[in-house]
Structures are given as structure tokens and as C-alpha cells.
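This report walks through selected local features of one protein model. Keep the structure open while reading.

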Amino acid sequence: MTTMESLIGLVNRIQRACTVLGDYGGGTGDNAFNSLWEALPTVAVVGGQSSGKSSVLESIVGRDFLPRGSGIVTRRPLVLQLHKTEEGTEEYAEFLHLPKKKFIDFALVRKEIQDETDRITGKSKQISPVPIHLSIFSPNVVNLTLIDLPGLTKVAVEGQPETIVEDIESMVRTYVDKPNCIILAISPANQDIATSDAIKLAKEVDPTGERTFGVLTKLDLMDKGTNALEVLEGRSYRLQHPWVGIVNRSQADINRNADMMLARRKEREYFDTSPDYGHLASKMGSEYLAKLLSKHLESVIRSRIPSILSLINKSIEELERELDRLGRPVAVDAGAQLYTILEMCRAFDKIFKEHLDGGRPGGDRIYGVFDNQLPAALKKLPFDRHLSLQSVKRIVSEADGYQPHLIAPEQGYRRLIEGALGYFRGPAEASVDAVHFVLKELVRKSIAETQELKRFPSLQVELALAANTSLEKFREESKKSVIRLVEMESAYLTAEFFRKLPQEIERPAVANSKNQAASPSPAAQDLYGDGHFRRIASNVSAYVSMVSDTLRNTIPKACVYCQVRQAKLALLNYFYSQISKREGKQLGLLLDEDPALMGRRLECAQRLELYKKARDEIDAVAWVR
């Protein structure tokens with residue numbers, strides 16, 4: 001194989017891989033692969049309806065494989081990739097949508113093109129921009145990528161939308177507007193070149209003619225006494241590249257399925273023996289056209305090699321980063337699997353601690369529990385109702401029993417204080433729960449932010465369950481601790497607080513005479529009055545306030561010690577104890593990757609292999625003359 005064939009064949013293979021791996025042309029593929037496709041030159045076949053486009057393509061391929069008929073036959077773009085094989089090898093075709101099926105019978109290729117067209121457009125005269133990708137492998141072709149486009153038309157026929165003319169032209173323009181697209185403009189020789197749809201469009205998108213190759217078909221159908229030399233010799237309409245004349249198979253040849261190789265020989269004989277075109281015979285015919293396009297492609301490819309290599313190298317770097325992010329395939333050895341799991345646990349634990357310690361957001365919400373929620377909850381406790389005058393009288397009276405207190409109602413004080421301190425249980429437990437929910441949310445966020453875990457949904461679930469189990473255990477311990485703090489305040493009252501309070505002094509009664517009973521002093525008269533009970537309520541309120549300030553400081557300490565500190569030290573201890581008991585098969589179940597992610601990694605690996613191979617092959621053949 002010559003250097004030219006190697007280079008064009010390489011580009012052809014890259015384009016084929018782009019269609020397989022990047023799904024180019026369907027609007028959903030990988031952007032990098034679409035960019036690579038667009039950086040490589042292609043040949044778009046453009047012409048009006050019934051201009052002979054299909055015959056030109058079949059002549060280049062040497063096979064009868066395209067649907068035929070009147071009106072609009074090509075209703076979807078056909079991306080035709082020709083791959084030259086060794087002499088003597090069997091010819092076959094493959095469709096992208098049927099990747100594992102080889103077509104040896106080209107009549108079946110024609111049927112499949114028709115069926116695949118109908119699958120998208122229905123059995124109508126509608127068109128679709130979704131391309132059909134067909135590869136043909138044959139020793140009788142040159143390495144080329146050709147795109148057969150729907151024929152340009154001037155009016156809509158029955159069954160077509162009124163916008164069909166604009167729709168077809170818009171579709172064709174999406175291909176020919178690209179600077180790397182070579183335009184094969186097909187015009188029938190038996191019509192005035194000035195009315196050629198293909199030439200008109202080519203002139204608009206390629207005014208310099210650098211990308212346009214003119215092809216005249218149906219030379220043998222011109223009126224007797226006329227010829228197309230004015231066009232073929234560039235006098236009627238000059239292009240930068242030479243015009244090429246083609247003689248298509250006759251309708252009789254098509255009807256009897258005449259051999260394409262025989263049709264090629266007849267075409268050569270026509271030009272060799274033609275009095276009008278004999279002097280141009282060496283530069284006429286479908287075989288010459290294929291070679292001309294192939295040679296031009298080599299020139300274009302060589303000029304674009306630096307930009308193609310730059311794009312390939314950039315894509316290789318991006319794919320390697322993507323593979324690093326996705327992670328390498330999981331080992332099958334149990335020891336290696338356990339090591340992989342533990343490494344991901346360490347990565348998760350690191351992120352979780354960063355949330356708590358301030359490296360990432362979230363840990364500050366725990367401080368918010370202590371600085372906002374707990375004080376607010378303490379202020380809302382119903383001490384005003386508990387220490388109302390009516391409530392104090394009732395509780396003190398109940399504590400005195402049948403014998404009222406003489407000086408200070410100690411039992412009443414104790415009952416009032418114990419009842420008030422019981423209200424602290426609610427805010428204490430609520431603080432524990434609030435811290436628990438913050439920690440639980442941080443576990444969820446940390447798992448989501450651990451890139452290594454994204455590959456393994458089952459491991460994420462197991463890790464979350466184990467971490468939440470540990471957090472639940474820490475919550476129970478924390479609740480016991482804060483309730484114990486409240487109960488300790490109730491179990492032993494600070495006597496010194498009451499000793500420092502102003503004492504009620506009983507003043508002696510005043511007697512008028514020896515025989516007259518002493519009258520009660522004002523203090524004695526107030527012993528069971530409202531003022532007395534108000535002072536009791538005030539004293540109890542002061543004591544409860546002191547305890548509230550104490551608990552406001554000690555409850556956060558208990559929560560941090562029992563929950564936050566333990567989460568930092570032993571969040572995954574339960575998970576480690578469970579994972580150590582698992583066998584290799586069970587470990588493998590934890591490492592069952594998301595199928596979509598596995599597919600993405602496989603695609604990236606395939607693309608990376610393609611890019612590296614393409615880079616090496618381009619380097620090997622690009623500068624060899």
C-alpha cells in the first residue's frame with residue numbers, strides 16, 4: 001500500500017471510529033469526537049434530483065447498492081466510508097446501526113438503506129437529517145469518505161411539506177459549509193450548466209472554488225451534434241479543479257443488473273473512442289474521479305496534519321484525565337478489593353473531617369445548634385407558668401401537707417425546683433437530635449463528594465448505613481449524658497445559693513399587758529401572704545436561671561464529646577468490623593459499578609487507544625514521500 005493510501009486509509013479508520021464511538025451526526029455524540037470528525041476532510045456529493053448522484057457513487061464503489069426510483073429517493077444523508085482491502089479479499093458492507101452483521105449481498109444493502117430510511121421518516125416523502133452510516137470493504141475501491149445528500153429540488157410534490165425545498169438546502173448546507181468539506185457538485189450534461197443547483201450552491205459556500213469538484217453526468221444522453229467540451233475544458237464555468245465527465249449505466253443496464261466492472265469498461269471505451277472527448281479520455285470516468293479525489297484528499301490531509309495532531313494530543317490529555325477521574329478497573333483479587341474499599345473509606349473519612357473542622361462547609365451548623373437553637377429553646381421553657389403565684393401556692397401547700405411550714409418551705413422549694421429542672425430535658429435531647437441530623441447530612445454530602453465512591457453505588461449505600469448506625473449509637477450515648485447532666489442538677493441542689501439569699505426575720509409580737517395575748521407582727525401576718533409566695537417564686541427563678549446558664553455550657557460539651565468527637569474518631573469502626581468478615585465474592589458485590597459509568601470508562605479507553613494509535617500512525621506516514 002502506498003503512503004498516500006496509508007494516510008487516507010488512516011483518516012478513514014479514524015472517521016469510522018468517530019462514528020462508532022462518538023455517534024457523530026446524530027446530535028448526541030462526544031464533542032471531542034465530533035470535533036475530530038470535523039477536522040478531517042470529507043467529500044459531500046451534491047446535486048439536484050435525478051442528476052445522477054447515485055450512479056456516480058455506485059461507479060466509484062463498483063457496486064449496485066443504492067435505492068432507486070423517481071422523485072426524492074435519498075431522504076437521509078448516507079455517510080459512505082470506503083476501505084480498500086488486499087487483492088483477492090471478499091467484498092462486504094457494514095452498517096453502524098447493525099455493527100455485528102456483514103452484508104455480502106449488496107442487494108440486501110440496498111434494502112437495508114431503504115428500511116433504515118423508512119424507520120426514521122416513515123414510508124413517505126419526508127426527509128431526516130439523521131445520517132445512515134455505511135462502510136464498504138473492497139479491493140476495488142480507494143480509501144474515501146463520501147456523504148450522499150438528498151437531491152436539491154425546486155418545488156414540493158404531493159406528500160411533502162411546503163418547506164421541503166428549504167429543508168433540503170438547509171440540510172445540505174450543514175455539511176458543505178464546513179471548511180474541511182470537499183464538494184462534489186454533480187450536474188447532468190444534458191442541462192444548461194447555468195441552471196445547475198449543485199454549482200449554484202457550491203458557488204455560494206465556496207466562492208473561490210478551492211473545495212469544489214465539478215462532475216458532468218449523462219454525457220452519452222446529450223443531443224446529437226452537441227457536446228460538453230465548453231464545460232469540461234473550463235471555458236463555460238471555470239473551477240480551480242478540473243471538471244470530470246461520467247457516463248452512467250443505461251436504464252437497460254440497471255434493469256438487468258449489469259455488472260459494475262463491465263460498466264466501468266464500457267465507460268472507458270466510450271471516452272477512448274469518443275471523437276469529442278477522446279483527447280480528454282485519461283482524465284474522464286468514475287475511476288479517474290475516485291483517484292483524483294483520493295489524491296486531493298492526501299494533499300488536504302497533509303496540510304491539516306499539524307492541527308489534527310494538536311487536536312488528537314489535546315484529546316488524549318482530556319481522556320487520560322477523565323479515566324483518572326473515573327478510576328481504573330476493579331481488581332478481582334479479594335485482598336486488592338479490600339484494599340480498594342479501605343482506600344475509598346479513607347478518602348471519605350478525610351472529606352467528612354474537613355466538613356467538621358472547617359475545610360468544607362457544614363460543620364458550622366453544629367455551632368449554630370449551640371449558639372442559636374439551644375439558647376432559644378431554653379428561653380421558651382414555661383417557667384412563668386410553673387412559677388406563677390397560683391402554681392407556687394399550690395405546690396408549696398401540697399409539699400407542707402397537714403402541717404404548714406414555720407419559716408421557709410424547704411420541701412416546697414425542692415418540689416418547685418425539681419419541677420422546673422425537668423423542663424430542661426426537652427432542649428437537652430433536642431440539641432442531641434439536631435447535632436445528629438447535621439452529622440447525618442454531612443455523611444451524605446461527604447459520600448457524594450468522594451469521587452472514588454461515585455463508581456460504586458452499592459458501596460455508597462453500605463457505607464452510609466454503617467456510618468448512620470454509628471451516629472445512632474453516638475446519639476444514644478449523648479442523650480444519656482445530657483439527661484444525666486439535668487438529673488445531676490435535680491439530685492443535688494446548691495445549698496450555698498440559698499444561704500446567700502436575704503432571710504425572712506421573724507419579729508417579736510407586741511403585748512399590751514401580762515394577761516393580753518401578743519398580736520402578730522407584720523412579718524408574721526405576711527408569712528402566708530402573696531408577697532411571701534412571690535419571694536419564693538423569685539428565689540426559685542434565680543436558681544433555675546443559674547442552672548440554665550450551667551446547662552447552656554455543659555450540654556454542648558456533652559454533645560461534642562459523645563457525638564462530634566466520636567464521629568471523628570470512630571465513625572467507620574462499625575463498617576470496618578463488618579467488612580473484615582466478608583468473603584471475596586461479597587466484597588465484589590460492594591464493588592459493582594454503575595453500568596453507565598463502566599460503559600463510559602470503556603468508551604474512554606477505546607477512544608484513548610484510537611487517538612494514540614492515530615497519533616502514532618500519522619507520525620509514521622505523514623512525512624514520508
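## Two loop residues with positive phi

K218 sits in the loop between β8 (212–217) and α7 (229–232). The model is predicted. K218 is not a glycine, yet its phi is positive, near 60°. Most residues other than glycine have a negative phi.

S50 is another such case: a non-glycine residue with a positive phi of about 65°. The loop that holds S50 runs between β1 (42–47) and α3. S50 counts as exposed, because its relative accessibility is 54% and the cut-off for exposed is over 50%.

## Overall make-up

The protein has 23 helices and 9 strands. It has 625 residues, and 48% of them count as buried. Take the contacts with a sequence separation of 6 or more: 80% of them join residues 24 or more positions apart.

## Helix α3

How many of the residues of α3 are buried? The count is 9 of 9, so α3 is largely enclosed by the rest of the structure. G62 follows α3 and has a positive phi, near 85°.

R75 lies in the loop between α3 (53–61) and β2 (78–84). Is R75 buried or exposed? It is buried, because its relative accessible area is 5% and buried means under 20%.

Two side-chain polar contacts involve R75. One goes to the side chain of D118, at 2.7 Å. Another goes to the side chain of T121, at 2.6 Å. Leaving out residues up to four places away in sequence, R75 touches Q114, T117, D118, T121, G122, S124, K125, Q126, I127, S128 and P150.

T117 belongs to helix α4. T117 counts as buried, at 6% relative accessibility. A polar atom of the T117 side chain lies 2.7 Å from the backbone oxygen of I113. Beyond four places in sequence, T117 touches R75, R76, G122 and I132. T117 and P77 are 40 residues apart in sequence, and their C-alpha atoms are 9.4 Å apart.

S128 is placed in the loop between α4 (106–121) and β5 (132–138). S128 is buried too, with a relative accessible area of 7%. Its side chain reaches the backbone nitrogen of V130 at 3.2 Å. With neighbours within four places set aside, the contacts of S128 are R75, R76, P77, I120, T121 and M171.

## Helix α12

The buried residues of α12 are I366, G368, V369, F370, L374, P375 and L378. Their cover includes α11 (334–357), α13 (383–386), α16 (425–449) and α20 (530–570).

## Where α14 meets α20

Helix α20 also meets α14 (residues 389–400). The two axes come within 9 Å and cross at roughly 90°. The helices are therefore roughly perpendicular to each other, since angles of 65 to 115 degrees count that way.

Which residues meet here? On the α14 side they are L389, V392, K393 and V396. On the α20 side they are D530, F533, R534, I536 and A537.

## L465 on helix α17

L465 lies in helix α17 (residues 457–491). L465 is exposed, with a relative accessible area of 52%. L465 and F575 are 110 residues apart in sequence. In space, their C-alpha atoms are 8.7 Å apart.

Methods. Residues are numbered from 1 along each chain as its sequence is written. This is a predicted model: local features need pLDDT of at least 70, side-chain atom pairs count only at pLDDT 80 or more; totals for chains, interfaces and linings use all residues. Side-chain values use heavy atoms; hydrogens and water are left out. Helices (H or I, at least four residues) and strands (E, at least two) are DSSP runs, numbered from the N terminus. Buried means under 20% relative accessible area, exposed over 50%, partly exposed in between (1.4 Å probe, protein chains only). A polar contact is a pair of N or O atoms within 3.5 Å; within protein, one must be able to donate a hydrogen and the other to accept it, and residues adjacent in sequence count only if both atoms are side-chain atoms. Contact means heavy atoms within 4.5 Å. Axes are lines fitted to C-alpha atoms, for helices over the stretch in contact, and angles run from 0 to 180 degrees between N-to-C directions. Angles under 35 degrees count as roughly parallel, over 145 as roughly antiparallel, 65 to 115 as roughly perpendicular and the rest as oblique.
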